[in-house]
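Subject: Structure for you to look at

Hello,

Here is the structure I said I would pass on. Please open it first, then read the notes under it with the model on your screen.

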Amino acid sequence: MKKTTLLGLLALLILAGCGTSKSGSAKSVSEKAVADREVTLLAVNDMHATIDNFPRFAFMVDSLRILYPEMLLVTAGDNQTGSPINDQYHEKGLPMIELMNAVKFDLSAVGNHEFDVGVKNFETHTQIAGFDYLCANLKSPEGMEFAIHPYKIITMPNGLKVGFVSVLDLNPNNQPDCHPDNITGFSFTNPYETAQQYLHLKDSADVLIYMNHFGFENDVKLANSFPKGVVDLIIGGHSHTKVDKEQIHNDILITQAERRLKYATLIHLTVSPDGQVSRSMQLLTVGKTGSESVDVRAMVDEYNNNPEMQEVIAEALFDFRTTDELGYWMADALQATAKTDIAVINKGGVRVDDLPAGGVTRKIILTIDPFGNQVVTLNLTGHELKAFVSDMFGRDEYRLMYPAGMHLNYTVEGEVDVKLIDIEFLNEDGTPFDMDRTYSVATNSYVLATAIFDREDPGKTLSITTAEGWINWLLKEKTVKSYQEEKRVFIGN
Amino acid sequence: MKVIVNNTEIKIFQGATVGDAIRTYYSLHGQRAPSPLPEAEDAYGNRVAHDGALTEGSRLSVTVSFPD
C-alpha cells in the first residue's frame with residue numbers, strides 16, 4: 001500500500017469544492033445546540049457484487065474516516081448479483097456481506113437484487129450483517145427472522161439524531177424485479193404511500209433521510225410529493241444514475257452514485273442551532289486502480305481463487321462439434337430455467353464453436369454465454385411467435401434462431417442477399433404447430449429488446465441471467481446428453 | 001412498460017434496462033445498435049448506465065447518428 005497516496009487523497013478531498021444548499025425550516029429535536037453540528041455520509045448504491053473494487057473502496061473509506069471519524073457508510077441497495085465469484089459462491093452472496101462487514105457499513109437499503117440469493121440465504125445475511133437493512137414497504141415471511149427495519153434513527157456522538165427510511169421500487173405486479181421464487185412469503189406495499197407514513201420521524205430526528213432503491217426519476221416524484229422542510233436528503237439507487245452535480249427537487253437533495261463502486265457520494269449535512277440543515281455533496285471516483293486496503297485485498301484474492309469456478313458441475317458425455325449443437329443445448333437450458341413451452345435464442349448468443357466431452361465447469365458456461373443477458377418470458381400466439389422469429393431473421397447478423405420445444409423450417413431465397421420467404425413452425429414430433437394457440441416462450445433480454453413485432457404481452461424478466469439459469473440446471477442434471485443427432489432448424493429454397 | 005427514448009415512445013418488457021431500451025430504439029429505426037452502445041441521459045441531464053433499471057415513463061436522451 002502506498003502510504004504517500006493517502007496524504008494526497010486527503011489533500012484532494014479537503015481542497016475539492018462542494019456545492020452547499022440549505023433545506024427548509026427543520027425543527028431541532030436534540031438537546032438545544034449552541035453551535036452547528038454536522039454529520040458526514042459516504043453513500044454508494046448498486047454495488048452488484050463488484051468485489052474487485054472493494055480493496056480500493058476500503059482504502060478510500062479508511063482515508064475518509066481519518067478526516068471524518070464518525071462518518072456513516074451507507075448503500076442504497078442492490079449489493080448482490082453481478083459477479084460469478086460472489087453469485088456462485090457455495091453460500092450464495094456471502095462474500096459481499098463479509099466485505100461490507102470488513103469496511104463497516106452502517107446501513108443498507110434492500111434492493112430488488114438482495115432477494116436473488118434465495119429466501120433462506122437473505123434471512124441469514126440480515127442476521128450476520130454488521131449493518132442494518134432498511135425497507136419500509138415490505139413485510140417479511142411469517143415464521144422467519146429477517147432483520148429488516150422500516151427505519152432507523154442514529155444518534156451521532158455530537159447528539160445529532162439522523163433518521164433514515166427506505167422504500168423499494170415495485171413493478172406493476174406489486175413485486176420487486178426478482179425471481180418470484182425468491183420473494184416467497186414476502187408482501188409489499190406501495191412505496192409512495194408507505195414513504196408518506198414515516199414523515200413523522202422528523203419529530204424525533206434533526207435530519208430525515210430517505211435511502212431508497214427506487215430509481216432517480218421516482219425519487220424526484222417522491223420528493224415533489226413531500227411537504228417542504230421535512231425531508232432533507234434522498235440517497236437513491238436502482239437506475240444507476242450518475243449524479244455529479246446537486247439535484248434539488250422540492251428543496252430535497254437527491255444523490256446517486258451510478259453503480260459497481262465506480263463512484264461514491266460524500267455528503268455533509270450541517271444543522272444550525274435553529275434547526276436549518278445545510279447540505280453539500282461531492283461525487284468521488286473509486287475506480288479499480290490506486291492504493292488499496294491490504295486486508296481487504298487479501299479477502300478478495302481468496303474469493304477470486306475460489307476453486308468452485310473450476311469445479312466440474314456436470315459431465316458432457318459427447319463432444320459438441322458445432323455452434324448449432326451448443327445452441328440447442330443453450331436453448332434447452334433456457335427452456336428448463338423458464339419452465340416454458342418454447343425457448344428461442346439468437347445464434348450470436350453462442351460464443352464458442354465447439355466443446356470436447358468431459359467435465360463442464362461454471363467457467364465454461366460463462367465463456368459460452370458471457371453477456372449477462374436476462375431470461376425473459378412472454379406468452380405469444382403461434383402467429384405472434386412467427387412474427388417474432390421472422391423479425392429476428394432480418395435483424396440478427398446470424399439470422400437463425402435456436403429453438404427448444406419446436407422445430408423451425410425456414411424457406412429462403414438467394415445465396416448472398418438472403419431473403420426470408422416463410423417459416424414453418426413444427427412440434428418436436430414434426431406435426432404442424434397450432435398457430436392460434438398461446439405458448440409460453442422464453443428468450444434472452446437482448447433478443448426481446450432487439451425484435452420489433454406486434455404482441456399483446458410485452459414480456460418480463462425473471463431476473464436471472466441465462467448463464468446462471470444454465471448453471472443451476474446443470475447442477476441438477478449432472479450429465480449432458482449428446483446433441484450430435486439434434487436437428488431443429490431446417491433451411492430450404 | 002412504456003418508456004421514452006428521444007421523444008419516441010417505446011413499449012418494452014418489464015424489467016428492461018437502459019441498454020435494452022436503446023436497442024429497441026435502434027430496431028424501431030431499422031438499425032442495428034452499435035457496440036458499445038451510446039451514452040444515455042435521463043430527463044434531468046444525469047448520465048445513466050446501460051444496466052440501469054427503467055421504470056414506467058422513464059425518459060432517456062441518446063445521441064445517435066443513423067446512416068442516410
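Is R437(A) buried, partly exposed or exposed? R437(A) has a relative accessible area of 38%, so it is partly exposed. Before going on, please keep in mind that this is a predicted model.

**Salt bridges within the chains**

D341(A) lies in the loop between α9 (323-338) and β19 (342-346) of chain A, and R437(A) lies in the loop between β24 (419-426) and β25 (438-444) of chain A, so the pair ties together parts that are 96 residues apart in sequence. D341(A) is also partly exposed, because its relative accessible area is 31%, and the limits for that class are 20% and 50%.

A second salt bridge in chain A joins the side chains of D301(A) and R297(A), at 3.0 Å from N to O. Here both partners belong to helix α8 (residues 294-304) of chain A, where they are four residues apart, about one turn of the helix. D301(A) has 33% relative accessibility and therefore counts as partly exposed. R297(A), at 23%, counts as partly exposed too.

In chain B, E9(B) forms a salt bridge with K2(B), and the closest N and O atoms are 3.9 Å apart. E9(B) is exposed, because its relative accessible area is 51%. K2(B) has 40% relative accessibility, so it counts as partly exposed. Elsewhere, salt bridges that share partners join seven named residues into one network: E258(A), R259(A), R260(A) and K262(A) from chain A, with E39(B), R47(B) and D51(B) from chain B. Over all chains, a search of the whole structure finds 26 salt bridges.

**Where the two chains meet**

How many residues of chain B are in contact with chain A? There are 29 of them, in contact with 41 residues of chain A. The two chains bury about 2,700 Å² between them, and 47% of this is on carbon and sulfur atoms. On the chain B side, F13(B), Q14(B) and Y44(B) lose the most area to chain A, together 26% of what that side buries.

Between chain B and chain A the count is three salt bridges. In one of the salt bridges, the side chains of D51(B) and R260(A) meet at 3.7 Å, N to O. Two elements of chain B, α1 (18-28) and β4 (47-48), each supply at least two residues of the side that touches chain A. Of that side, α1(B) gives the most, with five residues. By class, the side of chain B that touches chain A has nine nonpolar, 11 polar and nine charged residues.

**A sheet made from both chains**

Strand β13 (residues 241-242) of chain A pairs with β4(B) in the antiparallel sense, over two bridges. In β4(B), V48(B) is the bridge partner of T241(A). These strands belong to an open sheet of six strands with mixed pairing, in the order β13(A)-β4(B)-β3(B)-β5(B)-β1(B)-β2(B). At the edges stand β13 of chain A and β2 (8-11) of chain B; each has a single partner strand, so one side of each is left without a neighbour in the sheet. Strand β1 (residues 2-5) of chain B and strand β5 (residues 59-62) of chain B pair in the parallel sense over two bridges. V5(B) stands opposite L60(B) in β5(B).

**One threonine in chain A**

Where is T194(A) found? T194(A) is in helix α6 (residues 191-196) of chain A. At 4% relative accessibility, T194(A) counts as buried. Leaving aside neighbours within four places in sequence, T194(A) is in contact with A136(A), N137(A), V167(A) and T189(A). With T189(A) there is a polar contact between the side chains, at 2.8 Å. S166(A) is 28 residues from T194(A) along the chain, and their C-alpha atoms are separated by 9.4 Å.

Regards

Terms used:
Residues are numbered from 1 along each chain as its sequence is written. Chains are lettered from A and ligands numbered from 1 in the order in which they are written. This is a predicted model: local features need pLDDT of at least 70, side-chain atom pairs count only at pLDDT 80 or more; totals for chains, interfaces and linings use all residues. Side-chain values use heavy atoms; hydrogens and water are left out. Contact means heavy atoms within 4.5 Å. Buried area is the accessible area (1.4 Å probe) that two parts lose on being put together, summed over both. A salt bridge is a side-chain nitrogen of Lys or Arg within 4 Å of a carboxyl oxygen of Asp or Glu. Ala, Val, Leu, Ile, Met, Phe, Trp, Tyr, Cys and Pro count as nonpolar, Asp, Glu, Lys and Arg as charged, and the others, Gly among them, as polar. Two strands pair if DSSP finds at least two bridges between them. Buried means under 20% relative accessible area, exposed over 50%, partly exposed in between (1.4 Å probe, protein chains only). A polar contact is a pair of N or O atoms within 3.5 Å; within protein, one must be able to donate a hydrogen and the other to accept it, and residues adjacent in sequence count only if both atoms are side-chain atoms.
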